[in-house]
Amino acid sequence: MAVWTDMGKPRGGFAVCGRPVLAVAVLALLALASLLVGSSGIGLRALLDDPRSVELLWVSRMPRTIALILAGTASAITGLIMQRLVQNRFVEPSTMGTVDSACLGLLLGVIFIPDASPLARMALAALFSWLGTLLFLLILRTMPRRSALMPPLLGIAYGGVIGALSYLIAWQTGLIQALAAWTTADFSVVLAGRYELLYLAAAATALAWFGADRFTLAGLGDDVARSVGLNPRMVLALGVSIVAITAGSIVVTVGFIPFLGLIVPNLVSRRVGDNLRNALPMVAWLGASVTLVCDLLGRLVFYPYELPIGATMGVLGAAVFLFLLLRRDGT
């Protein structure tokens with residue numbers, strides 16, 4: 001199924017934005033820096049002579065770098081999917097109650113099924129995320145859209161109610177610290193054997209490539225989708241399922257990265273337009289690159305101590321979000 005841009009010609013992500021080889025080189029350099037930079041530096045000589053450096057590389061640095069790339073890519077793509085389905089550039093999983101619902105599900109899982117496996121907890125978080133997102137979309141359909149800012153403001157208020165309920169339950173059960181960890185991403189806790197659930201997020205977001213044209217058409221409205229034989233409800237269910245599985249796996253593993261799913265799709269759309277298939281490669285690359293940069297900044301600002309990526313990404317994301325709000329180009 002071919003989709004054309006509003007300029008009348010098909011455009012392809014990196015073909016429009018720059019050089020694919022350069023993009024891959026930049027990502028490889030950032031990944032290499034992620035492997036080498038830290039409170040315990042790793043050099044080529046140390047890898048050849050020091051068994052402890054080799055162990056540090058395979059047990060901590062390599063899993064952390066892979067987790068950064070997987071989580072960054074998945075977070076950015078889920079933001080892109082929701083922006084197309086909601087037809088608004090200012091929404092992402094953290095501004096429509098998805099993340100808050102996932103945290104509530106995870107919290108209830110810890111309380112009532114304390115011996116559950118990480119996979120079972122992820123499934124519970126994904127289920128609550130799916131239900132919470134669907135409820136938000138049903139509420140949104142009943143509201144008149146007089147402003148592009150209405151959906152994210154409604155979503156923030158909706159997420160705030162769910163978040164308040166979660167904090168009340170966590171306060172009464174002594175799980176405030178755990179809840180805070182799920183809502184603030186921190187990759188310093190990633191070790192071998194404790195990040196593999198992120199491969200499920202990668203698999204879920206890979207489905208976005210196969211449904212890209214359907215998401216693009218669904219973003220043009222229900223009437224347009226039906227005119228080409230699509231069932232808008234089925235497309236919506238597929239998109240929400242991808243977002244829910246991704247949010248659940250990321251929250252359980254490292255905590256959700258704020259603003260990433262909001263700013264990356266907006267920056268890419270300015271360059272390649274609203275065709276989701278064209279935008280996906282750029283969104284995946286930029287999501288991974290920004291995540292690696294923010295994590296490196298967190299390691300270097302107060303070296304040898306670290307700031308969680310939730311703090312560095314929060315500062316950068318808030319600045320870009322304010323810029324987008326001032327431009328008021330949301331639709």
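This is a predicted model: local features need pLDDT of at least 70, side-chain atom pairs count only at pLDDT 80 or more; totals for chains, interfaces and linings use all residues.

Residues are numbered from 1 along each chain as its sequence is written, and side-chain values use heavy atoms, with hydrogens and water left out.

**Stop 1: α2 and α14**

Select residues 20–36, helix α2, and residues 276–300, helix α14. (Helices are DSSP runs of H or I with at least four residues, and they are numbered from the N terminus.) The two axes come within 10 Å and cross at roughly 30°; axes here are lines fitted to C-alpha atoms over the stretch in contact, and angles run from 0 to 180 degrees between N-to-C directions. That makes α2 roughly parallel to α14, a label for angles under 35 degrees, while over 145 counts as roughly antiparallel.

Now show side chains. On α2, the contact (heavy atoms within 4.5 Å) uses A23, V26, L27, L30, A31, A33 and S34. Across from them on α14 sit W285, A288, S289, L292, V293, L296 and R299. Colour by class and this contact gives 11 nonpolar, 2 polar and 1 charged residues. (Ala, Val, Leu, Ile, Met, Phe, Trp, Tyr, Cys and Pro count as nonpolar, Asp, Glu, Lys and Arg as charged, and the others, Gly among them, as polar.)

**Stop 2**

(The cut-off is a side-chain nitrogen of Lys or Arg within 4 Å of a carboxyl oxygen of Asp or Glu.) R64 lies in helix α4, residues 51–86, and D295 in α14, so the pair ties together parts that are 231 residues apart in sequence. How many salt bridges does a search of the whole structure find? It finds 4.

**Stop 3: α4 and α12**

From α4, the contact takes A71, A74, S75, T78, I81, M82 and L85. From α12 come V235, L236, G239, V240, I242, V243, T246 and I250. This contact of α4 with α12 has 11 nonpolar, 4 polar and no charged residues.

**Stop 4: α5 and α7**

Next, select residues 98–112 for α5 and 150–173 for α7, whose axes come within 9 Å and cross at roughly 20°. That makes α5 roughly parallel to α7. Among the residues that meet here are L104 and L108 in α5, and G159 and G163 in α7.

**Stop 5**

Zoom in on Y303 and P304, which are joined by a cis peptide bond with omega of about 10°. P304 is in the loop between α14 and α15. Then jump to Q87, in the loop between α4 and α5. Q87 is not a glycine, yet its phi is positive, about 60°.

**Last stop: annotated spans**

An unreviewed UniProt entry places the feature "transmembrane region" at several spans, including 119–140 and 235–268. (UniProt positions are given in the numbering used here, feature names are shortened, and annotations may be inferred rather than shown by experiment.) Select 119–140: the span is 100% helix, with its end C-alpha atoms 31 Å apart. For 235–268, the end C-alpha atoms lie 23 Å apart and the span is 82% helix.

Methods: Helices (H or I, at least four residues) and strands (E, at least two) are DSSP runs, numbered from the N terminus. Angles under 35 degrees count as roughly parallel, over 145 as roughly antiparallel, 65 to 115 as roughly perpendicular and the rest as oblique.
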